[in-house]
Amino acid sequence: MSIIYVLIPLGLVLVGIGLWAFFWAVGSGQFDDLDSPGWTVLSDDERPPATPARDEKDER
Amino acid sequence: MTGAGPPCFHCGEPIPAGTIIRARLAGREEPMCCHGCKAVAEFIAGAGLDDYYKYRDAAAARADEAYRPDRWSAYDRADLVERLSRPEPNGARSITVLLEGLRCAACSWLADRALHLQSGVLDVSVNPATARARFVWDPAKVRLGDLLRVLEHVGLRPHPLAGEPAGQLSTLERRTALKRLAVAGFGMMQVMMFAVPLYIGESSGMEAGIRELLRLVSMLIAVPVALYAGWPFYVGAWQAIRARGISMDVPVSIAIALAFFASVWNALRGHGEVYFDSVTMFVFFLSLGRYVEMIARHRAGSVADALARLAPVTARRVRGGTVEDVQAVELAVGDELLVRTGEVFAADGAVLEGDGRVDESMLTGESTAIVKAPGAPVHAGTQNLGVPLRVRVAAVAGDTVLSGIVMLLERAQAQRPRLARAADRAAAWFLGRILLGAAAVFAIWCFVDPSRAFPATLAVLVVTCPCALSLAMPAAIAAATAELARRGVLVAQSDALEVLARATHVLWDKTGTLTRGLIRVEEVRPLADVPDSECLRLAVALERMSEHPIAKAFLASDQGAVTASDLVIVPGQGVEGRVEQRRLRIGSPDFAAGLSDIASAPAWLAGESWVCLGDRSGLLAAFRLTDQLRPEASHCVAELARLGLASEIASGDEEAAVARIAERIGIGRHAARLRPEQKLARLEALQAAGAVVVAVGDGINDAPLLRGADVAVAMGRGSALAHTSADLILVRDSLDELPDTVQLARRTQRVIRQNLAWSIVYNVAALPLAAFGFVPPWLAAIGMSLSSVAVVLNAMRLSRTPRNRSGRNWTLSRPAEVA
């Protein structure tokens with residue numbers, strides 16, 4: 001069971017790295033706009049597809 | 001009144017009866033409510049952007065009928081572009097604009113595509129959350145004015161924001177909140193992971209070293225959660241205490257601090273309970289609630305945005321006989337301005353030359369334009385609808401009436417009567433109950449075993465506080481907020497729901513709230529042997545060229561068939577012209593009758609808002625113009641009355657118009673011709689008499705009223721300034737949801753009471769048992785989780801309610817609440 005004395009601090013380090021990565025992402029504006037990036041897929045085309053999947057879902 | 005046909009294809013508003021405007025889009029004829037919407041829809045289709053209509057999830061803003069492209073030409077000037085934009089590499093420039101009418105992701109797609117189709121645009125980024133677009137363009141290839149014009153063409157009116165810092169305040173606030181939330185979330189998960197083995201180890205035995213390690217590591221993780229993530233609560237509590245008040249933050253901070261320091265103490269000395277799991281969970285759920293609330297608040301907009309929309313950036317100064325474009329900030333008292341038709345006044349002043357008509361609805365709420373003769377005062381932010389005016393500047397910047405309203409608003413906000421009162425009640429309620437319970441436990445333990453009195457009391461405080469506070473209230477409020485958002489009601493202040501449940505009065509604004517804020521021809525009364533439709537056709541022909549707001553009422557039924565010639569506009573009277581070889585006049589009754597030899601107009605035409613059409617043989621017809629009543633208004637008022645809320649109108653409009661609306665809706669009390677401060681006084685009088693007042697408004701003139709009210713409700717199409725003052729925003733711009741919202745608020749309060757009762761009963765029952773050793777810790781842990789789950793599930797019932805849209809016949813089964 002003494003492996004736990006290594007694993008738990010290791011887990012803490014990983015949490016620290018995860019938090020640091022999240023802070024970096026927030027700081028660089030990754031979370032400022034959560035809506036429109038999904039639409040940029042469409043704006044690359046001259047014309048977006050005629051029947052988007054969303055409409056079909058709504059009709060059901 | 002409104003027809004029962006389909007709504008406008010573009011903006012989704014009902015189409016007034018008799019209006020036949022159609023736009024051809026993708027081979028289909030689509031109904032439109034006005035020519036503004038038609039122009040926008042056709043432009044969107046013409047630019048190949050008509051897929052916007054498939055993707056959007058909210059109807060577009062109603063296009064401004066009096067739409068004038070030349071207002072953007074001022075933005076072609078180099079020095080103005082220099083001031084508004086920032087330099088980019090290779091001679092390009094970037095600018096940030098606020099887009100009015102940006103409602104959903106499809107709108108931002110539309111703005112993005114519309115700009116990208118222009119040559120010379122290098123980069124575009126649109127943020128629908130803040131309604132801002134930033135684009136980079138090459139001034140050598142395309143002019144800024146043209147780009148702004150394109151945006152207005154697609155129905156998104158741009159407002160360039162000068163000198164807005166890159167790291168905006170609201171963005172910073174959101175980022176910080178997100179970081180705190182992440183720390184609390186990660187911390188909670190980690191601590192939970194260590195808490196489970198600790199609970200299990202308690203019953204089945206655990207190596208002392210491992211137990212020690214788990215407790216110390218939990219503490220290590222809980223430190224940033226309690227200190228960093230919990231920081232806003234301590235700041236809030238400190239501010240409340242310094243202001244000699246008590247807010248929700250105070251008991252929250254006490255609970256966090258007590259539980260945290262007791263746990264740290266126990267963890268360091270190696271025995272006793274640790275509550276790190278409770279602390280982190282508590283902080284996480286509270287932060288989550290605050291975060292959701294903050295997002296809603298940001299969507300509602302800010303005062304700075306609102307002012308950016310109102311105050312024009314440029315003005316035309318007359319100096320030495322020449323007219324020069326200057327920036328509004330350069331104006332000084334005594335300057336002479338030329339304000340053309342459709343432009344917004346940049347400063348307060350007095351008319352020097354010209355008989356103008358000014359739309360002051362943003363200040364007074366009055367729907368009809370005010371006639372301005374030389375010498376009459378005009379105000380910054382109002383719009384010139386008539387002939388070009390020369391104006392002598394009397395007040396600039398902070399001295400204008402507009403600034404006065406903003407200051408009034410800030411004062412009302414600083415006092416924040418409703419927030420303080422609501423929080424007072426909540427805090428007193430909780431603190432009282434919890435302290436009472438703890439005191440009782442302490443007293444009992446003093447008799448039984450004084451040595452265990454302190455730990456037992458602490459246990460009661462620590463365990464009841466987080467459980468009752470962290471889940472019972474926030475879970476119910478979060479569920480109610482989410483449900484309301486689905487119904488199109490945005491909750492910007494979560495404690496508004498608590499107050500709304502207790503509300504006794506509703507104070508209504510008239511224009512734009514009970515009515516649509518658009519003048520329409522309500523009744524055509526023929527006075528000669530000419531059919532209605534013929535009279536309307538002639539009236540439309542005469543009024544088509546006019547800028548007068550009354551003319552807009554006729555243009556709604558424009559079918560574009562006939563035109564008038566030899567038009568003469570008589571200020572304050574009406575229009576004379578020739579239609580199909582007939583000389584006709586439209587305007588005030590006496591003016592219209594003046595073309596014939598017959599005496600003056602019948603007496604019944606005086607007083608009410610009648611407009612007459614006449615020719616050489618006498619009067620042909622009289623038109624009654626009214627601001628169109630919202631179709632759902634009277635139902636809403638009746639429904640609220642059934643829920644026990646008394647209605648009252650406080651309007652800036654004329655007495656006769658207010659009285660008629662009040663009568664038609666069935667509101668007994670009304671007050672007309674009120675200025676913003678008088679509305680606020682009326683509200684304060686009601687509050688002084690003990691009423692809990694809901695204010696519903698849409699205009700800038702309502703903003704102080706909304707700020708002062710116990711619960712403020714703003715219409716979705718209302719001004720941004722009204723939105724910033726509001727607790728609830730009716731996004732769909734319909735009053736239908738208001739009674740349902742009151743009912744949901746009351747049900748939320750019931751659920752909160754049930755949850756609190758359950759938490760208290762559970763804790764009261766379980767704690768002594770655990771303390772006496774009847775309940776093994778693992779069972780207590782399971783019981784605790786099940787208790788939390790029960791509370792959350794009970795709260796979730798709020799979001800599972802069937803919508804009561806069809807609930808016109810739905811009766812409230814609790815008459816006791818009505819009384």
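The following conversation goes through some assignments in a predicted model and the values behind them.

Biologist: Why is the ring pair of A:F22 and A:F31 called tilted?

Modeller: The search over all chains finds six aromatic pairs. For A:F22 and A:F31 the ring centres are 5.1 Å apart, and the cut-off for a pair is 6.5 Å. Their planes stand at 55 degrees, whereas stacked would need under 30 degrees and edge-to-face over 60, so the pair is tilted.

Biologist: What makes A:F31 count as buried, partly exposed or exposed?

Modeller: Its relative accessibility is 29%, and since buried means under 20% and exposed over 50%, A:F31 counts as partly exposed.

Biologist: Which residues of chain B form an aromatic cluster, and how do you know that B:R180 lies over the face of B:Y228?

Modeller: The cluster is formed by B:F260, B:F261 and B:F276. As for B:R180, the distance to the ring centre of B:Y228 is 4.8 Å, to be set against a limit of 6 Å for CZ of Arg, with a further condition of within 35 degrees of the ring normal; B:R180 is assigned to the face of that ring.

Biologist: How do you know that the length of helix α8 of chain B agrees with what its residues should span?

Modeller: Helix α8(B) covers residues 231-242, and its twelve residues, at 1.5 Å a residue, should span 16 Å; the end C-alpha atoms are 17 Å apart, which agrees.

Biologist: Why are the buried residues of α8(B) said to line one face of the helix?

Modeller: The buried residues are B:F233, B:Y234, B:G236, B:A237 and B:A240. Looking down the axis of α8(B), they fall within an arc of 165 degrees, so they line one face.

Biologist: What makes the contact of B:R317 with B:D335 a salt bridge, and where in the chain are the two residues?

Modeller: The closest N and O atoms are 3.3 Å apart, and the criterion is within 4 Å, so the contact of B:R317 with B:D335 qualifies as a salt bridge. The pair links distant parts of the chain, with B:R317 in strand β8 (residues 314-319) and B:D335 in the loop between β9 and β10 of chain B, 18 residues apart. B:R317 has 8% relative accessibility and counts as buried, and B:D335, with a relative accessible area of 11%, is buried too, because buried means under 20%. Over all chains the structure holds 14 salt bridges.

Biologist: What makes the salt bridge of B:R582 and B:D615 a link between distant parts of the chain?

Modeller: The side chains meet at 3.3 Å, N to O. B:R582 lies in strand β22 (residues 582-587) and B:D615 in strand β23 (residues 610-615) of chain B, 33 residues apart. B:R582 is partly exposed at 29%, whereas B:D615, at 9%, counts as buried.

Biologist: Which residues of chain B are linked in a network of salt bridges?

Modeller: The network links B:R143, B:D146 and B:R149.

Biologist: Why are β13 and β15 of chain B called edge strands?

Modeller: Three strands form an open antiparallel sheet in the order β13-β12-β15, and β13 (370-372) and β15 (383-384) each pair on one side only. Strand β12 (residues 356-359) is joined to β13(B) by three bridges, while pairing asks for at least two, so the two strands count as paired. Within β13(B), B:K372 is the bridge partner of B:G356.

Biologist: What is the phi of B:R673, and where does this residue sit?

Modeller: B:R673 has a positive phi of about 55 degrees although it is not a glycine, and its place is in the loop between β26 (669-671) and α23 (676-688) of chain B. Most residues other than glycine have a negative phi.

Technical notes
Residues numbered from 1 in each chain as written. Chains lettered and ligands numbered in written order. Predicted model: local features only at pLDDT ≥ 70, side-chain atom pairs only at ≥ 80, totals over all residues. Heavy atoms only, no water. Buried < 20%, exposed > 50% of the residue type's maximum accessible area, 1.4 Å probe, protein only. Helix = DSSP H or I, 4+ residues; strand = E, 2+ residues; numbered from the N terminus. Expected span 1.5 Å × (residues − 1). Arc of directions from axis to C-beta.
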